[in-house]
Structure formats: structure tokens, C-alpha cells
Amino acid sequence: MIASSPSSSAPARRMAAVQEMAGMLRLLFEVEREFVRTATTLIYRVGEPELKYLLCQHVWESAGHARFLRERGRELSGFGKGEGVRDSLGGIFSEAVMPENGYVALAGFYRVLKPALLTAYRHYLHVTDHLADWPSKKLVEEFMADESRHGDEIASFLGFSPASAPAVAASASEWTAHLSAALSSLGGFLGENPPVPLPPHFTWAHSREHYTHPFTCNRGKYPTCSSVFSEDPAETPIVRSWLVDPKTDARVIRLMVYVWLMMEMDAVDYLATIFYDTPAAPFDLHHDMARHLWDESRHSQFGYRQLPKLGVDLMALEHSLDLYNILVRMPPHERYAMMTMEFEAGSFPTKATVMDRVRELNDFEADTLLAFDRNDEQNHVRYGHRWLPEIMALFGETRPVDDFVRATQEKFKQLAAVYGGKTPHALPPGQRLTADKILKLAGANTL
Ligand SMILES: [Fe+2]
Ligand SMILES: [Fe+2]
């Protein structure tokens, strides 16, 4: 007689066809959520703004895939409770972050893991019944189109030629072989292939050492500085008091707010650090943070796309690194508290004044960008109220939220005194964009 187990009970056998597909949707959900947790570590390690923006967009789309998979999965018997990720899959993604060079890690994600995900979706489509499982089929077809596009969009950033970057090209091909071997030992994300035993001398990098965020973020070819804000028009592009001074020409304010928006790249870089640090977070927290991240990357693009149209040479605009450099020294719940409760919650009055002044210019595009920015920021503060207590709980923080935020603000000031102001101007005053130069560019000779 065969011993009965829950999976071989009559009700389970009756639903076996559904359970088999639900099990695959569950695996795909876990893969997508792990991509969100770990591909975010690429963002602050690569230098091209366009690449950072694309990664933020892919992370957001992947969070969307995960959410739809979870919704569909929960309609089916056998998807399972909870949102945890099994160790075998988590191990692949924890491995993927390990290369010290962000571009080598990028190659692992986009030459191995993303193509394997596309293969897994294709397999799902191949083995499911297109009429019985039509709701899943529609989702999977859409996700496959997204995955193909993601691959195409990143392709031009993966062309390390042995001639131009021999060390990166060699490490990338060695690393992608390593990651492929790791994935083959599972037989692919859905176990759709026979598992291939790991090579004899294979060792997992993430079991040897811990991944840590770099102490500063990568801005590629762009010049850097500590901060773009000051009170000295010969020093930085934004003079804080000018933004709210009624005497300031509105054209100057428009240029300054575009610089401000472009510099939200710092929010992109430091927010991106929080996902990896919160593996036990509920998926909805990562989903909303992925949205937050994509919003910040769009705000940064507002500046990145508009400034050149207004005559700014982006190679003369220094990128400010202070916020990343300081926040990365703080634990994740403190980073998130500073972002949502201090920087974002505190920005509304100044931005409201700025919006009113920019409206004098009848620049419909500027008004639109600023209105959407404001709407997004209101959502970010809402996310902060929703998720800060949960992130605090993940790190055992039991103080009331207000007390914790106040203490964190104090701590930030102390850390800023130690780690802030350390990035020298990459460009001499004559070459960099300053507020004095913005006056000339705007055609406003005096304040
Ligand atoms: Fe923003
Ligand atoms: Fe924001």
C-alpha cells in the first residue's frame, strides 16, 4: 500500500494540472521579486545616467510582473501561502550581485539571468493549456515582450570589447560562465532542463564573502562635487535663497529647478541600496519602493533632458554625491526615514514657490513636469508613512516613529560632519556651471 501524503491525496490529484502550473507561477514570482531585490545593486555601481534610468524602469516593470503573478497565482490551487523565496533561487540572485565591477555584474544579470527568465516564460507558455489557463497565458505573453525589450535596451551597454576594455570583457565572460553553471545546477528557473552538476571546483562567491555597497556611487564620465546647493553663486549652480526670492528672474528659477531635479539621481542611487538590505520585507514594500525608485529616475530625467535644450552643457554640471556618501553609512531604515520624512516631506514649500514662479513663463512643459513631480512626491511621503514602521520593525527598532525620525535627523547631522563635504569640485569655477553662469544663460544679467 502506498502511504498517503497531502500531495497524493485525492483532492490534490484531482487538481494536479492546476497545481503544477501554479507551482511554476510561484517560481516565476520568486524570480521576479529577487530580480527587484538584487538588480537594484547595479544602479549605483554603473555610471551612465541612461543606464541607471533603464535599470530603474526594468526594476519597476519586474515588480509589476511579480505583483500580477502573485495575483494570478493566488487564484490557483497550489500557489502557496506567504511570499518567501526558496533558498535555491535566492542563492542564484545573491550570487549575481557579487562581482566587484558593476559592469561585470550587469553582464551576469542581462546575459544569463534575464535570458533564463525569458526561457522560463516561454516554457510556461509551451506547457500550459491555452484555453484552460488563458488568464496566465495573457500575462506571460506580455511579460515575454517586456523581457525581450529589456534585453534589447541593455545590449548597447554590454558591448565590452576585448580591444577597448580587455579586463572587463574577460571578467564578464568568466563571470557569466560561472553564473550559468550555477543556474544549470537547478535545471533553469523552472527546472525545465535536467540539472547539470556543478563543476568540481565551483565555489559560491556569496558564501565566501558578504556583499557591501560601495562608499560612493558611480557617475561615469560626469564631474562630481559634494553638493550643488550653497549660498555662493560663484560656487554652485543652485543658490537656495534665490529659489524663493521674488527678485529672482523666473528663467533662472527654471534652470535651477531642472538642476535640482536632475540631481535627484542621488535619490535613485541611495534608494536603490535599500532593496538588497531588506530581504525579509513584504513584497508590497519592495513594489512601492520600486515605484518610488522609478519616479525618482523620471524626475532626474526631467532635468537631464531639459537642461541641454536650455543651453546647459551637461559635462559642465557637477553631480552631487554627499547624500549617497552620508546615507550609505546609515542602516537602511534610517536611510528610508531621512529620504521620506526629511528630504521629501521638507521639499514641498520651496517647490510650491518655484512652481508659481515658473508658471510666469507660460512654459507648458515645465509646468507639466513640475506638477507631476509634486504629485509623485506626495505619493512618496505617503509610502513613507505606510512603510517606515515596517522597515523599522525589520531592524528591531521599537521607538515611536516620531522619536526615531528625530534621532535619525540628529544622527544624519553628525555623520554629515564626518562624511559630508569630502568630494572636491571636479571642475575649476571657470569651467563648471554656477549660479552666476545660470544668470547669463537665462539672459538675466542681475538677480
Ligand atoms: Fe523626486
Ligand atoms: Fe521623491
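Two residues are taken to be in contact when their C-beta atoms, placed from the backbone, lie within 7 Å. On that basis, 82% of the contacts in the protein chain with a separation of 6 or more are between residues 24 or more positions apart.

The model is predicted: local features need pLDDT of at least 70, side-chain atom pairs count only at pLDDT 80 or more, and totals for chains, interfaces and linings use all residues. Residues are numbered from 1 along each chain as its sequence is written, while chains are lettered from A and ligands numbered from 1 in the order in which they are written.

The protein chain has 18 helices and four strands; these are DSSP runs numbered from the N terminus, with helices being H or I of at least four residues and strands E of at least two. Its C-alpha atoms fill a box of roughly 90 × 50 × 40 Å along the principal axes.

An automatic or database domain assignment supplies the domain bounds. Domain 1 covers 16–194 + 201–208 and domain 2 covers 224–441, and 30 Å separate their centres, taken over C-alpha atoms. Contacts join 21 residues of domain 1 to 20 residues of domain 2. On the domain 1 side, helix 2 (16–43) and helix 3 (49–75) each supply at least two residues, and helix 3 gives the largest share, 11 residues.

Helix 11 and helix 14 pack at an angle of about 145°, with axes 9 Å apart. Axes are lines fitted to C-alpha atoms, for helices over the stretch in contact, and angles run from 0 to 180 degrees between N-to-C directions.

| Helix | Residues | Contact residues |
|---|---|---|
| Helix 11 | 265–277 | A267, Y270, L271, T273, I274 and D277 |
| Helix 14 | 332–344 | P332, R335, Y336 and M339 |

The residues of this contact divide into seven nonpolar, one polar and two charged. Here Ala, Val, Leu, Ile, Met, Phe, Trp, Tyr, Cys and Pro count as nonpolar, Asp, Glu, Lys and Arg as charged, and the others, Gly among them, as polar.

D146 is found in helix 6 (residues 134–155). It counts as partly exposed because it has 16 C-beta neighbours inside 10 Å. The C-alpha atoms of D146 and E61 are separated by 8.0 Å, although these residues are 85 apart along the chain.

Technical notes. A residue is buried if 20 or more other C-beta atoms lie within 10 Å of its own, exposed if 12 or fewer, and partly exposed in between; C-beta atoms are placed from the backbone.
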